[in-house]
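Visitor: I'd like to learn how to read a few features of a structure. Could you put one up and walk me through it?

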Number of protein chains: 2
Amino acid sequence: MNSIELVKSYEDTPHQLTGHGPRNIAVLKNVFESVDGTINSDKYGSGLVIEGFQKKMANFLGKEAAVFFPSGTMAQQIALRIWCDEKDCKKVAYHPLSHLEINEEDGLKKLHGIQPILLADKDRVIELEDVTNMKQDIACLLLELPQREIGGQLPSFQTLVEISKYCRQQGIKLHLDGARILECLPYYEKTIKEICVLFDSVYLSMYKGIGGIAGAILAGDHDFVAQSKIWKRRYGGDLISMYPYIMTAEKYFAERKDRMADYYVQAKELAALFNACDGISTIPEVPVTNMFHVRFEKQAQEIAPILAQAQEIMNVGVAGYLNNEEQGCSFEISIGDQYEQIPKQKVKVLFEWLDEKLKTLNL
Amino acid sequence: MNSIELVKSYEDTPHQLTGHGPRNIAVLKNVFESVDGTINSDKYGSGLVIEGFQKKMANFLGKEAAVFFPSGTMAQQIALRIWCDEKDCKKVAYHPLSHLEINEEDGLKKLHGIQPILLADKDRVIELEDVTNMKQDIACLLLELPQREIGGQLPSFQTLVEISKYCRQQGIKLHLDGARILECLPYYEKTIKEICVLFDSVYLSMYKGIGGIAGAILAGDHDFVAQSKIWKRRYGGDLISMYPYIMTAEKYFAERKDRMADYYVQAKELAALFNACDGISTIPEVPVTNMFHVRFEKQAQEIAPILAQAQEIMNVGVAGYLNNEEQGCSFEISIGDQYEQIPKQKVKVLFEWLDEKLKTLNL
């Protein structure tokens, strides 16, 4: 439910609780203003701009090689195709709310004829038993860390270790949908390499927690990456020039990769404020990353006017949309650079006002 | 054959006979320096930046709708897939040197199982008889105008009209690989709309004659474009933001779309200069667009040192590579903004020097 008032009041606020700030042209300008114009473009995957960044990301992730893709959608379909071809088995497994299942118009099925096995219930993460109980043989298991559509929930690190061990025993490749993997490190208290070593292939987004314009990194061993480059060309993803994405990714990666612990602490603080309000709960109750979902007991048509009013009065963006659920409605919070720019006192007053309003509604 | 001397001497020249100038970061900076940073990014195909440009390009091409793609590879495979699905026939036809056949790692076959019928000999364009003599039924015929790999040759406009008429009679869709279609208009003495009306779907590159960073336009009727957007998402081509490509495309399109007649005249002038040299011929002898191939009678190992020396002495870039052929060697010229920046007198001296040197070689 996108009431015009809700959208407009949200967009008019100078700061929002969520995100790094507006997705506008300044995201590009801020990076390129200080860049020398004589630097050569990358060209069909060659050149210092792309090869240097790929090498840096491979090192960072602890993988032999990495390749820059225009999108994670493309990168992940290709990863799964490579593993399916290697095993000569057209089945993979992932969560029912995986990006591949709900956001890609069935690209994996239509372009590759790959059949996904959906593991676990929609409202929880994949556990070891979901994997060991699978009746069918699969080429690859995809784990999304964190599981975005359920508020960024995570399995325990021990579970990851056990799933990885089981997959290796069974000849199943393990792929990390790590669009937001950096955001998981503070909770796991692990390095990125300690996570990635459990997986055969890893995808990392350049525009979510990192806040670039677009693009993705896919990493694995040399042979996997060589094959992924061939598929990138087949997809039309081997663009003549990707430097607008690569150079922004590199800049914002450097700026934000070590900020995830701050976002995580702030997410827990903000979730507690929501949970203290009448008729609001967060999923998960205590966030394990920088993200969580905010759920209202009432439907969007009742909540939207209150949020719109809050945004107008308090000048802080809470939500620009609300999704109606079976019961109540919800939206997603994903902490970035903006939250800490809002004075604590302002946040406090906002939540007092919200709680007050919701109490009246629930009378 | 890329001798280091040839590459280096070419790159060191301030101006080259071919192209718009170096593909460096300045191509982006020149556009974004004067753009307001608060302009909103496009978002997954929505927003003024992308929708406005798509509408403008649809109008320009005389089609109902258009969609911006990250690459022509992606756009064209999708166009062919849509036409194959519509007819429930997995066969298409194109030239043996089509981009789809030689530059895309068989994406069309591997991703769609579409079988191409190769029409005409490699060294000439597709004529009406090639189409009418086809034994097999096809869903779509793709014509590349101009045929890049043979120096940008073109069939006559009358042939286009007849092929189009025949295809419509036979229920065959006609797709235009118009990566460089604007470059053909001065020879045909037709408007872009007079060309595009002959085709059911049209692809136009944003970085060849136009000189943007990357990207492509695919145009057709509303239903075709709606389907192409679904496929764009399936491919992972529906990037969250494409404004770096769109806004540069829009700027350079405005600057260069009406310059093609100049490039064409200059290409004819330059080809004549090459043809006047001992042991050099161009394909075609008289260019019909801004492009042609330059062929030397001798092999690259003999020609490269001469060109390298010419480039060092004259400070004008002729070629940065040479492809060995069965007989002799060749490279491609594609006239852009640079050629007219080189003083005529300098060009004259360059060719006198070249002719002299080649005469000595051929003694």
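Guide: Let's start with a side-chain pair: Lys359(A) and Asp355(A) meet in a salt bridge, 2.7 Å from N to O. The term means a side-chain nitrogen of Lys or Arg within 4 Å of a carboxyl oxygen of Asp or Glu. Before we go on: this is a predicted model, where local features need pLDDT of at least 70, side-chain atom pairs count only at pLDDT 80 or more, and totals for chains, interfaces and linings use all residues. Residues are numbered from 1 along each chain as its sequence is written, chains are lettered from A and ligands numbered from 1 in the order in which they are written, and side-chain values use heavy atoms, leaving out hydrogens and water.

Visitor: Why are Lys359(A) and Asp355(A) separated by about one helical turn?

Guide: Because they sit 4 residues apart in helix α15 (residues 344-361) of chain A. Helices here are DSSP runs of H or I, at least four residues, and strands are runs of E, at least two, numbered from the N terminus.

Visitor: Is Asp355(A) buried or exposed?

Guide: Buried, with a relative accessible area of 15%, while Lys359(A) is partly exposed at 41%. The cut-offs: buried is under 20%, exposed is over 50%, and partly exposed is in between (1.4 Å probe, protein chains only).

Visitor: How many salt bridges are there over all chains?

Guide: A search of the whole structure turns up 42. Among them, Lys109(A) reaches Glu101(A), with the closest N and O atoms 3.2 Å apart. There's also a network linking Arg256(A), Arg259(A), Asp262(A), Asp337(A) and Glu340(A).

Visitor: On to sheets. What is the strand order in the open sheet of 4 strands?

Guide: The general idea is that strands of a sheet pair through backbone hydrogen bonds, either parallel or antiparallel. DSSP must find at least two bridges between two strands for them to pair. In chain A the order is β9-β10-β13-β12, with antiparallel pairing. The edge strands, β9 (280-283) and β12 (323-324), each pair on one side only. β12(A) joins β13 (residues 329-334) over 2 bridges, and Asn323(A) has Ser330(A) as its bridge partner.

Visitor: And which rotation superposes chain A on chain B?

Guide: Two copies of a chain are related by a rotation about an axis and a shift along it. Here that's 180° with 0.0 Å of shift, at RMSD 0.0 Å, so the copies are related as by a two-fold rotation axis. The superposition is by least squares on C-alpha atoms of residues with pLDDT of at least 70 in both copies. Of chain A's residues, Leu111(A) comes closest to the axis, its C-alpha at 2.6 Å.
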